[in-house]
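I opened this model to see how its pieces touch each other. Here are my notes, in the order I took them.

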Amino acid sequence: MATTNTASAPADDAMISVEGLNKWYGDFHVLRDIDLSVAKGERIVICGPSGSGKSTLIRCLNHLEEHQQGRIVVDGVTMTQDVKRIEQIRRNVGMVFQHFNLFPHLSVLDNCCISQTWVQKKPRAEAEKTAMEFLERVRIADQAHKYPGQLSGGQQQRVAIARALCMRPEVMLFDEPTSALDPEMIKEVLDVMVELAQDGMTMLCVTHEMGFAKTVADRVIFMDQGQIIEQAPPETFFNHPESDRTKLFLSQILGH
Ligand SMILES: Nc1ncnc2c1ncn2[C@@H]1O[C@H](COP(=O)(O)OP(=O)(O)OP(=O)(O)O)[C@@H](O)[C@H]1O
Ligand SMILES: [Mg+2]
């Protein structure tokens with residue numbers, strides 16, 4: 001059960017630090033004794049079977065889910081119930097979901113401006129300038145005046161990434177960002193994520209795109225039944241997995 005392959009980042013330059021995290025949904029113990037330290041600029045891929053707690057873990061990091069035990073510190077701010085602190089943490093943490101979660105009644109440009117004008121209180125013109133900069137970066141600036149429903153899944157997901165980047169977060173969390181996409185659209189989203197990684201963004205990404213993990217991850221984390229079972233750099237993780245559960249999982253997703 002204990003973590004065997006270890007590659008924990010040093011705690012002193014940690015962007016995210018999780019210690020002794022436990023969470024329950026009612027009687028169900030969904031996260032068990034999670035310890036995790038993520039260094040600034042580190043890129044982490046989290047994988048594991050369905051129901052193992054991957055989404056719950058990353059959602060705890062920006063308080064979309066509440067935890068009952070343990071400590072979460074993001075960029076020096078300790079998570080508490082205090083709304084101001086939660087807001088402070090959320091300002092630093094961008095999140096991209098499986099189903100994009102764009103506002104359907106707002107244009108692409110407005111989707112990218114709304115948090116800037118409402119949360120950051122930026123003037124509209126400045127918000128638009130930032131929005132266009134990031135829409136450019138995800139190569140979708142030409143669609144700025146369309147509505148999400150007029151875009152393909154891959155395009156919507158790139159807008160969702162741009163929207164998160166507009167807040168200039170220190171950390172980006174991705175929860176299976178490509179798993180709702182048709183195969184031909186996966187690459188355009190992964191390409192944007194690879195560029196983001198190469199630019200030095202601290203990233204935690206729940207994904208089963210093992211090619212992506214091999215290309216950009218500094219560390220792959222395998223979760224099962226609410227625990228971190230194993231973590232290692234991709235080379236070690238894929239070629240020398242230690243636990244039987246990791247081996248079984250890899251054989252299922254890699255087909256050998
Ligand atoms: N709001 C909730 N209330 C009760 N149980 C929940 C809730 N959300 C998730 N769970 C349960 O917690 C467990 C972990 O869920 P979670 O969504 O974190 O898993 P996951 O690893 O992200 O799975 P998947 O790969 O299917 O997305 C599952 O058994 C799930 O049914
Ligand atoms: Mg999930």
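**Entry 1: Met-223**

I looked up Met-223 and found it in strand β9; strands here are DSSP runs of E with at least two residues, helices are runs of H or I with at least four, and both are numbered from the N terminus. Before going on, I note that this is a predicted model, where local features need pLDDT of at least 70, side-chain atom pairs count only at pLDDT 80 or more, and totals for chains, interfaces and linings use all residues. Residues are numbered from 1 along each chain as its sequence is written, chains are lettered from A and ligands numbered from 1 in the order in which they are written, and side-chain values use heavy atoms, with hydrogens and water left out.

Is Met-223 buried or exposed? Met-223 counts as buried, at 0% relative accessibility (buried means under 20% relative accessible area, exposed over 50%, partly exposed in between, with a 1.4 Å probe and protein chains only). I then listed what Met-223 touches, leaving out residues up to four places away in sequence; contact means heavy atoms within 4.5 Å. Among its partners are Leu-31, Ile-34, Ile-46, Cys-47, Gly-48 and Pro-49, and also Ile-228 and Ile-229. Cys-47 sits 176 residues from Met-223 along the chain, yet their C-alpha atoms are separated by 6.3 Å.

**Entry 2: aromatic pairs**

Next I went through the rings. Rings of Phe, Tyr and Trp (its six-membered ring) pair if their centres lie within 6.5 Å; planes under 30 degrees apart count as stacked, over 60 as edge-to-face and the rest as tilted. By this rule I get two aromatic pairs. One of them is Phe-222 with Phe-249, a tilted pair with 5.1 Å centre to centre and 40° between the planes. This pair joins distant parts of the chain, as Phe-222 is in strand β9 (residues 219-224) and Phe-249 in helix α9 (residues 244-254), 27 residues apart. Phe-222 is buried at a relative accessible area of 1%, and Phe-249 is buried too, at 5%.

Phe-237 and Phe-238 have ring centres 5.3 Å apart and planes at 90°, so I wrote them down as edge-to-face. Both of these residues are buried.

**Entry 3: Arg-245**

I stayed with helix α9, where Arg-245 lies. Arg-245 is partly exposed, with a relative accessible area of 31%. Which residues does Arg-245 touch, not counting those up to four places away in sequence? I found Phe-222, Asp-224, Gln-225, Gln-227 and Ile-229. Arg-245 and Phe-222 are 23 residues apart in sequence and 9.1 Å apart in space, C-alpha to C-alpha.

Now the helices. For these, axes are lines fitted to C-alpha atoms, for helices over the stretch in contact, and angles run from 0 to 180 degrees between N-to-C directions.

Helix α3 (residues 108-118) and helix α5 (residues 153-165) have axes 8 Å apart, at an angle of about 25°. I therefore call α3 and α5 roughly parallel (under 35 degrees is roughly parallel, over 145 roughly antiparallel, 65 to 115 roughly perpendicular and the rest oblique). Val-108, Asn-111 and Cys-112 of α3 make the contact with Val-159, Ala-162 and Arg-163 of α5.

With helix α4 (residues 124-137), α3 packs at about 125°, the axes 9 Å apart. That makes α3 oblique to α4. On the α3 side, the residues that meet α4 include Leu-109, Cys-113 and Gln-116; on the α4 side, they include Ala-127, Ala-131 and Leu-135.

Which residues of α3 are buried? Val-108, Leu-109, Asn-111, Cys-112, Cys-113 and Gln-116 are, and the buried residues of α3 pack against α4 and α5.

**Entry 4: α5 and α6**

Last, I checked α5 against helix α6 (residues 183-198): the axes come within 8 Å and cross at roughly 20°. I therefore noted α5 and α6 as roughly parallel to each other. The α5 side of this contact includes Gly-153, Gly-154, Arg-158 and Ile-161, and the α6 side includes Met-185, Val-189 and Leu-196.
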